[in-house]
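This report describes a structure with a sequence and a set of coordinates. Please look at both before reading on.

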Amino acid sequence: MFAAPSVFKGVGMDRTANKYNKKAIFLNSVKTYVSKPQNVILILFGIVLTFTTIAPIVAIVKDTFVIHPGTIDAHLTGKSSGYTLVNYLDLFTSRLAVTNLWKPLLNTLLLSAFACLISILYGGFFAFLVTRTNLKFKRYLSSIFIFPYIMPQWTLAVVWQNLFSSNAVTGTANGLLASLFGICMPGWWCQGLFPSAMVLGLHYAPFAYILIGGIFRNMDSNLEEAATILDTPRWKTMCCITLPMIKPAILSTVLLVFGSAMGSYPVPHYLGLTTLSTKYLSMNAQYTGEASILAIIMMIFGVAILMANQVSLKSRKNYTTVTGKSGQLSKINLGKCGKYVTGIIFIILTFLTSIFPILLFALETFLPNPGDYSFLYTGDMSNLTTKWWLTNTNTADSSLYGQMGILYNSTIWNALKGTLLVAVCCALIAGTIGTLIGYAVSKNRRGRLASYVNGMAFLPYLMPSIAVGAAFFVLFSNEKINLFNTYTLLIIVGTVKYIPFASRSALNSMLQISGEIEEAAVIQNIPWLKRMFRIIIPIQKSAIISGYMLPFMTCLRELSLFLLLCTQGFILSTTLDYFDEMGLYAFSSAINLILIVMILIFNTLVNKLTGASLDSGIGGN
Amino acid sequence: MFRADIIKVTRTGKGGRVMKKRILSLILAGAMVAGTLTGCGGNSGTESAAPATGGETQAEAEKDTGELSEVDKIIQEAEGLSMEELAKKAIEESNGKTFYGLGNSSRGKTALPLFIEYLQTIDPSYKMDYEWQQPKNNKIFEQLSADSLKGTGTFAMTLIQDGNQIESKMVQTGILKTFIPKEWAEANGTTPDQYEGYLPLQAQNKVFMFNNTGDATYTNCWDFVYEGSHPLFMDIDSEVVGKNFLYMLTEDTYAGWLKEAYDALDSEKQAYFAPVVEEVSKDAEDLGLGENGKYALAWIKLWVENYNAQTDDGPICNTLVTSSATDQSGLLVYNKLRSVEESADVSKKNVTIAAYQDGYQGIGGYAYNHYLFLTDNSPLPWTACAFIAYMTCTEDGFSAWGKDLGSYSFNPDVMAAIETTYQHSKGGYNEAGENEFDCYNDRGYDWWTTTGKLVVEDPEYCAGASFSVGSWIDMLTKYSGSTK
């Protein structure tokens, strides 16, 4: 037998020792790494979010190559199953490319851009008035200004139709303006890009108000005053000092509004604009694979916006607004009359965007026929009816299309229960996951994994809702997992989509907490759970509650995201869409009312209980 | 009729510009292999001779191999049973359970409780919960496809429209199964074995009507596409049966009707339409249409380019009956008039049914069928068969639709009984016997399909035309925005 020399034996032993040392070092480093809860959170959610974000994308990409029976790909390939590239070829090169792709794409981009512009101009100007002037009625205006965001986004679209449609221009019955005053607005005002952009701009203006308002409020006016002393023209001060200061807020607004507007289905649908999201639905019957390509295009824009934001983040360090030096906020005097006149103008504007829709919806539920306001000019109150509320059989009145009155309609009340279930579950899960992610990312904010998890958590928000819904529909409609029309699916999708609300809210608040506070507890050997519940959460209670409230409120009124995932009676928003399309406006108006009232009650309750509200710190509060 | 080479010509187009786009797309798409142009089926591909309508489908494959699904076997047995026997089977199967139905018509929800009442006449202790869903935006096909992937489905049966998609997406794929009730077949002078085709519950008509509070006249179907006319119509992308109506116009009979109506126009109107007819004549040739196909294409082109798209027939009706909708017109489900409540501003008197006017020329509207099917993974197949038999073979079962104007049972006995009960032909007469609402007097299916020149949907023709005439329609620029 060959015996190894002792020298070699020693080397061998050293190597073994080294090997064990390396293994021990590795195991130790792993142990140290996982002993920090933030690292475990990052690993766990890194894996989970990779699946929940990437898997739907992969599923919908695959769908673009699959042959669907009875659709264009089956027709062009002559096959009823298998894979093909023909959907790409047909969408990009056929004579329908302009109709099916380029025109909707252009409309979508214009709509998103104009919605951003309108929301920034309107919301930003209002933020300026509230924070930098002596405007009157600030407290009231600040609360009422965020109503359009709280309400479902199609609310204003329906109001726009009811106000401005006319027989002469839109070829339908007269709306309120034409009926009462004989005013017929031009076509471009009533349908298409302009009203869609206006409605979405008004809906998202509260974003701009909250974000820009926050900076205006913290901005040191010494800089502007210095410019005034140096005799700088006002426009130059605005362009060179004020606007650069609020640039990060403007970019954030663009970031949030662009993706949301791009994925909006109900607004362009109601106001007659063909966008990628409306085209997705209309093509889905015969051009299923090509419709999936449209969803992918929308997603690409979401990713592009995220990347553009990363680039813009690098330049933000040049625009510090809060410094260690003393600062002061001087307010511009609007004048004795000016402060009242401006306030009243905004009271009227906010009435039209916030109060009027609610009144209109309430009134609609008592009209004998949809849009039949004849009682207004005849004065005959017998032309009003309670049948939409009180009918308790489904055969008594043919105008109800076999439905029972709202109070007795099990479809509506079951849908309400479903909506509440989905909203509560989404809020609890998304809020908790988001808070944990925010905490973990704040602890490791320079780490690659933290950056990855943060990006993955935020990405679904930037993807258009309709595209996310389409992707999850494809992912969970197969032989192995079939979750179509289940609350499980809605909760999963809602959670993934709304985690960013909580993670961003938590991250921003966690970054404000100095590491020393938790370190002191660590030295005392306090367990992590206790540190969270006794120290971290109580300190940032308000921001964390916002992280639960935002998913809850958004989920209550979400349509685009859930449209493809369930049937009409499943949740309130799809039920509303169903009744609205049927022409049962009394029912859809009642559901709108229920949603608005419910959101307002929850918002007020949380505000009273915790002091957290969307506009806190900007307006009068 | 619709040759593959013609289809290819219409889809790919001509000229270098298109070719450039094609090349650009090739680059964009990355590694494009020539073989993939017709699909890289791989191991899972299933060749079919005529993809739109034919091929070795799952359903045919099952027949060939003699492997019948459980639902097929139950259907075979059920087709030999009477209504009462089926009812007993249903009671045995579904007592205390929940029945899920899916349909394009909301009336299923009204029919189900009547069906339960009927079963309770046989077994008073019988109890069944139910849920009826009516999806919009063509989602019914996605729902059924998604549900078909489950071992046991959610939906027991469906009441579905659009023969074209039913054939290509549901029947050829084996998702839906036809059950022909014995009594229904007998009423139609046949047997379940002999009968070929789907089981239609009813034909529903959509008719041209207009607001008569102004001076506009619509005495010819071409008037609806004349200069300045923008009829209200459900968008063909959201309700595909609207597209089927347009396909059907290219069929020889209906194209002939359009030609006759065109000839009846005065010279001024003919001069307005002639350039359009001329413009599309080459397309009609390319599409292999008959001699009057160009008139059909001209009418379709003008219709698509001028109709004012609406989300549903309900809002269209709400508009037309309003006094302010002067001179507006529309093509909508006849029955929507039932939902109108008389008020100072709204009245059924404000509308006229175009085809009811003396001397009206051309098509009066179109009809499409609602078909009944079991799902192949039906959780309650016996109950579904009994419910289907109840709706098609009894007056009570059809009463949910029988109350409607323009809704006609395909069971002659039921149709006669419904007319006796509801007197639709005199629906517009008041208690004093006066003809108060002329638009409300339904002249019946026979009148509509002959004198009223109703265009009737033929699933096979539609399936053949969907990617030839259909693609041609898709290329038209739809009317958008305002009338001014």
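## Chain A as a whole

Of the 621 residues in chain A, 54% count as buried. A residue is called buried if 20 or more other C-beta atoms lie within 10 Å of its own, exposed if 12 or fewer do, and partly exposed in between, with C-beta atoms placed from the backbone. The model is predicted: local features need a pLDDT of at least 70, side-chain atom pairs count only at pLDDT 80 or more, and totals for chains, interfaces and linings use all residues. Residues are numbered from 1 along each chain as its sequence is written, while chains are lettered from A and ligands numbered from 1 in the order in which they are written.

Chain A has 29 helices and zero strands. Helices (H or I, at least four residues) and strands (E, at least two) are DSSP runs, numbered from the N terminus. The C-alpha trace of chain A spans about 115 × 75 × 50 Å along its principal axes. Its radius of gyration is 28 Å, which agrees with the value near 25 Å that a compact globule of 621 residues would have. This radius is taken over C-alpha atoms, and the globule rule is 2.2 Å times the number of residues to the power 0.38. Among contacts in chain A between residues at least 6 apart in sequence, 75% join residues at least 24 apart. Two residues are in contact if their C-beta atoms, placed from the backbone, lie within 7 Å.

## Confidence

The predictor gives the complex an ipTM of 0.72 and a pTM of 0.79. Chain B averages a pLDDT of 84, and 85% of the residues score at least 70. Here pLDDT is the predictor's confidence in each residue, from 0 to 100.

Over residues 1–57 of chain B, pLDDT stays under 50. For this stretch the model has 97 contacts beyond four places in sequence. Where pLDDT is low, the predicted coordinates should not be read in detail.

## Two domains in chain A

The domain assignment divides chain A into domain 1 (102–321 + 348–364) and domain 2 (409–621). Such bounds come from an automatic or database domain assignment. The centres of domain 1 and domain 2 of chain A, taken over C-alpha atoms, are separated by 22 Å.

In the contact between them, 36 residues of domain 1 of chain A meet 34 residues of domain 2 of chain A. On the domain 1 side, α17(A) gives the most, with seven residues. By class, that side of domain 1 of chain A has 20 nonpolar, 12 polar and four charged residues. Ala, Val, Leu, Ile, Met, Phe, Trp, Tyr, Cys and Pro count as nonpolar, Asp, Glu, Lys and Arg as charged, and the others, Gly among them, as polar.

## Two domains in chain B

Chain B is also assigned domain 1 (66–202 + 369–418) and domain 2 (203–367 + 426–474). Their C-alpha centres lie 31 Å apart. The contact takes 19 residues from domain 1 of chain B and 22 residues from domain 2 of chain B.

Which elements of chain B each supply at least two residues of the side of domain 1 that touches domain 2? They are α8 (163–171), β5 (199–211), β10 (365–375) and β11 (407–409) of chain B. Of that side, α8(B) gives the most, with six residues. The side has four nonpolar, 12 polar and three charged residues.

## Nonpolar cores

In soluble globular proteins, nonpolar side chains tend to be buried together. A nonpolar core is a set of buried Ala, Val, Leu, Ile, Met, Phe, Trp, Tyr and Cys residues joined through C-beta atoms within 7 Å. The largest one has 181 residues, of which A:A295, A:C426, A:A470 and A:L565 touch the most other members. This core draws at least three residues from each of domain 1 and domain 2 of chain A. Apart from it lies another core, of 139 residues, including B:M128, B:Y254, B:C317 and B:C439.

## Single residues

A:F45 lies in helix α2 (residues 37–63) of chain A. Is A:F45 buried or exposed? A:F45 is buried, because 24 other C-beta atoms lie within 10 Å. Not counting residues up to four places away in sequence, A:F45 touches A:I433, A:I437 and A:V453.

A:D231 is not a glycine, yet has a positive phi of about 60°. A:D231 sits in the loop between α13 (222–229) and α14 of chain A, and is exposed, with 6 other C-beta atoms within 10 Å. B:K453, also a residue other than glycine, has a positive phi near 50°. B:K453 is in the loop between α18 (444–449) and β12 (454–456) of chain B, and counts as buried, with 22 C-beta neighbours inside 10 Å.
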